[in-house]
Amino acid sequence: MSGKAAQPRVWQRMLSGRRLDLADPSPFDIEISDIAHGLARVARWNGQTSGAHAFSVAQHSVLVEQIAGIANPALPASGRMAALLHDAPEYVVGDMISPFKALVGGEYKVVEARLQAAIHLRFGLPADRPAALSDAIKAADRIAAYFEATELAGFTATEAAKFFGRPRGVRREQVAIEPWPTAEAERRFLDRFEALAAMTAGVAVSA
């Protein structure tokens, strides 16, 4: 009997049939249907939100893209696509809450960055986001987090402002926070992806 330990499995099989290697993710093994399906089933805030449905990462992604567009009207479709996909690695690794990320440290970020680069390449975006775009997406992410925290996750306005800052340039009534059912979150994420992909390709998209 060999004394060698079996190598751990570092890939996940997707419903599309793709097998994604987390150690060396290939853009060819990434499908938007898998991303939408997974993100619609991953809960933000570890599920500690009010409402009949979890607030999914898919809905959060749509929200961040919307906020980025409101705050930056000149943001091109490719930039809005990057905003929509800013949490896409979580379809594989899940949504690790910020306090736990702080405890785990760097290895998680390395895996997440590899996945993000592969996802970007799969959909025609640069592997690394320009600094200005990253800043715009982070700002939109913080605004979304503030609204989610105060509307759904039980934070007071003072607490949310301490951790995420107060929203600037975007009003609460401009965005939808009520959690969507899983199937609706998946569909809306896919619809938005397809609209942005068409705009990025220069195809006219009806409202």
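1. A salt bridge is taken here as a side-chain nitrogen of Lys or Arg within 4 Å of a carboxyl oxygen of Asp or Glu. By that criterion, a search of the whole structure finds 10 salt bridges. The structure is a predicted model, in which local features need pLDDT of at least 70 and side-chain atom pairs count only at pLDDT 80 or more, while totals for chains, interfaces and linings use all residues. Residues are numbered from 1 along each chain as its sequence is written, and side-chain values use heavy atoms, with hydrogens and water left out.

2. One of these salt bridges joins the side chains of Glu31 and Arg18, at 2.9 Å from N to O. Glu31 lies in the loop between strand S2 (19-21) and helix H1 (32-39), and Arg18 in the loop between strand S1 (11-13) and S2, so the pair ties together parts that are 13 residues apart in sequence. Helices (H or I, at least four residues) and strands (E, at least two) are DSSP runs, numbered from the N terminus. Glu31 counts as buried at 18% relative accessibility, whereas Arg18, at 32%, counts as partly exposed.

3. A second salt bridge links the side chains of Glu148 and Arg44, again with an N to O distance of 2.9 Å. Glu148 belongs to helix H7 (residues 131-151) and Arg44 to the loop between H1 and helix H2 (57-71), so parts that are 104 residues apart in sequence are tied together by the pair. Glu148 and Arg44 are both buried.

4. Asp191 forms a salt bridge with Arg187, their closest N and O atoms being 3.4 Å apart. The two residues are four apart in helix H9 (residues 182-200), a separation of about one helical turn. Asp191 is partly exposed, at 38% relative accessibility, and Arg187 is partly exposed as well, with a relative accessible area of 44%. Elsewhere, salt bridges that share partners join Arg18, Glu31 and Arg122 into one network.

5. His60 is placed in helix H2 and counts as buried, at 0% relative accessibility. The side chain of His60 makes a polar contact with the side chain of His86 at 3.3 Å. A polar contact is a pair of N or O atoms within 3.5 Å; within protein, one must be able to donate a hydrogen and the other to accept it, and residues adjacent in sequence count only if both atoms are side-chain atoms. Residues up to four places away in sequence not being counted, His60 touches Arg44, Phe55, His86, Asp87, Asp141, Ala144 and Glu148, where contact means heavy atoms within 4.5 Å.

6. The structure holds seven aromatic pairs. Rings of Phe, Tyr and Trp (its six-membered ring) pair if their centres lie within 6.5 Å; planes under 30 degrees apart count as stacked, over 60 as edge-to-face and the rest as tilted. Phe123 and Phe193 form an edge-to-face pair, with 5.0 Å centre to centre and 70° between the planes. Phe123 lies in the loop between helix H6 (106-122) and H7, and Phe193 in helix H9, so this pair ties together parts that are 70 residues apart in sequence. Both Phe123 and Phe193 are buried.

7. Phe155 and Phe164 form a tilted pair, 6.2 Å centre to centre with 45° between the planes. Phe155 is partly exposed at 24% relative accessibility, and Phe164 is partly exposed at 21%. Trp45, Phe155, Phe163 and Phe164 form one aromatic cluster.

8. The largest nonpolar core has 54 residues, of which Ile35, Ile67, Leu85, Tyr91 and Phe189 touch the most other members. Such a core is a set of buried Ala, Val, Leu, Ile, Met, Phe, Trp, Tyr and Cys residues joined through side-chain atoms within 4.5 Å. H7 gives the most to this core, with eight residues. Ile35, its neighbours within four places in sequence left aside, is in contact with Ile30, Ala88, Tyr91, Ile119, Phe123 and Phe189.

9. Helix H3 (residues 77-84) is mostly covered, as six of its eight residues are buried. The buried residues of H3 are Ala77, Gly79, Met81, Ala82, Ala83 and Leu84.

Key: Buried means under 20% relative accessible area, exposed over 50%, partly exposed in between (1.4 Å probe, protein chains only).
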